[in-house]
Amino acid sequence: MIANSHEVAAYEAFVTAPVPVRFGPFAVTLTVEGWVRDGLMTLFFLVVGLEVKYEVLRGEFSSPRRLAAPVIAAFGGMAGPAIVYLTLNNGLRGAPQAWAIPTPTDVAFALAALGIFGRGLPQSLRLFVLTLAVADDIVAVLLIAVLYHAPLHAEPLAAAGATLAVLAVLSRWRRAPRLFYAAGFVVCWAFTLKSGLSPSIAGFACALTTPVDPRRADQASVLKTFMDGLHPYVAYVVLPLFAFTSAGIPFTHLGWRDLLAPAPLGVALGLALGKPAGIFLAVAGSLASRLGRRPLGATWIEVFGVACLCGAGFTVSFFLADLALEGVQREAARVAVIAGSLAAVAAGALVLRHARRQRLEAGEGLLEDG
């Protein structure tokens, strides 16, 4: 809203203000928006990596049988929007390099929507969404590493790799001070930023070197300590700041021709149509091939409703749009992320509402009602 008010000049001056940082030989100047994207958002990917490692080794994802259907669905949910996007952008000569923008799922938003619109439905649906979104995040990090980076510089890249190796060795020292890990994270981030790779890769990679086993039986592990300690800062500081600096879209600069161009159209339709279709067809295929199982106690219409909710891209889609596009194209893609995500969530809400009504009419009742 600020980007379209009389304060727009102050807003643009703030997000584009250069901020130099120098610490010994390390010297980088980025805008405020750049520091949020390449600095603070590294914490977001660090927490995502910590959650992935914890869930795979100690949590809900430790059972391979539970993983099959949602992981297959995650790949379907990335293929569907990519196909929709590339069909429009190759055929209409748009911006095919931005095909990854509509592929991720914003796990926080999808789970919040499920909590609101899926009350009383089987808890297995929540696990399905969580697993699918985590698999999405892993692939999104890989896509960022492969598709969106500046020219690579060998020396800082090698130094970042060496820092990761030191952190991996450090994880074998059960009584290593937590400060050592924190310092290692910062050093790895700095080298990665200088190397030309997206620093989000450093956050995720550092998380995988963090030990999941506690030092003593009565203590939380280093991984759990960092995960629980950083989560509130990421949720209440980092993500709101990222939304503030990245989602400020001055609509006065955009016309209908910009919003209906192949790139934003592909993003919006990829999220609203491609994502639900890809997930639903992948689940059906996994069951037909007997590789996966439908979420326990869930009906097909409920699975489809959840697939629609997974069309909420938001955070990671904004992040990919910042990396893939520039200028008016990037602003139009941000609008498309919002429009496609809201359309997908609205469709999911309607489908899940119908599913709840079906359960009540069938006399099954909702789980919250016993």
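**Close-up 1. The salt bridge between E302 and R359 in the predicted model.** E302 forms a salt bridge with R359, the closest N and O atoms being 2.5 Å apart, where a salt bridge is a side-chain nitrogen of Lys or Arg within 4 Å of a carboxyl oxygen of Asp or Glu. E302 belongs to helix α12 (residues 300-309) and R359 to helix α14, so the pair ties together parts that are 57 residues apart in sequence; helices here are DSSP runs (H or I, at least four residues), numbered from the N terminus. E302 counts as buried because its relative accessibility is 1%, and R359 also counts as buried, at 8% relative accessibility; the terms are set so that buried means under 20% relative accessible area, exposed over 50%, and partly exposed in between (1.4 Å probe, protein chains only). This is a predicted model, in which local features need pLDDT of at least 70 and side-chain atom pairs count only at pLDDT 80 or more, while totals for chains, interfaces and linings use all residues. Residues are numbered from 1 along each chain as its sequence is written, and side-chain values use heavy atoms, with hydrogens and water left out.

Close-up 2. The side chains of D322 and R334 meet in a salt bridge, at 2.9 Å from N to O. D322 lies in helix α13 (residues 315-324) and R334 in helix α14, so this pair ties together parts that are 12 residues apart in sequence. D322 counts as buried at 7% relative accessibility, and R334 is buried with a relative accessible area of 4%. Salt bridges that share partners join E33, D322 and R334 into one network. In the contact between R334 and E33, the side chains meet in a salt bridge of 3.0 Å, N to O, and this pair links distant parts of the chain, with R334 in helix α14 (residues 327-361) and E33 in helix α2, 301 residues apart. Both R334 and E33 are buried. By the distance rule for salt bridges, the count comes to six.

Close-up 3. The axes of helix α4 (residues 107-117) and helix α5 (residues 124-147) come within 10 Å and cross at roughly 170°; axes are lines fitted to C-alpha atoms, for helices over the stretch in contact, and angles run from 0 to 180 degrees between N-to-C directions. α4 and α5 are therefore roughly antiparallel to each other, given that angles under 35 degrees count as roughly parallel, over 145 as roughly antiparallel, 65 to 115 as roughly perpendicular and the rest as oblique. The crossing of α4 and α5 is right-handed, whereas that of α5 and α8 is left-handed; a crossing is left-handed if the near helix is turned anticlockwise from the far one by less than a right angle, and right-handed if clockwise. α5 and helix α8 (residues 199-208) pack at an angle of about 135°, with their axes 9 Å apart, and the two are therefore oblique to each other.

**Close-up 4. A nonpolar surface patch with residues from α2 and α9.** L40, L43, Y233, Y236, V237 and L241 make a nonpolar surface patch of about 570 Å². The elements that give two or more residues to this patch are α2 (32-57) and α9 (222-246), and α9 gives the most, with four residues. Patches are made of residues with over 30% relative accessible area and no salt bridge, with like charges joined within 9 Å and nonpolar side chains (Val, Leu, Ile, Met, Phe, Trp, Tyr) within 5 Å; accessible areas come from the Shrake-Rupley method with a 1.4 Å probe, and for residues only the protein chains shown count as cover. V237 is found in helix α9 and counts as partly exposed, at 39% relative accessibility.
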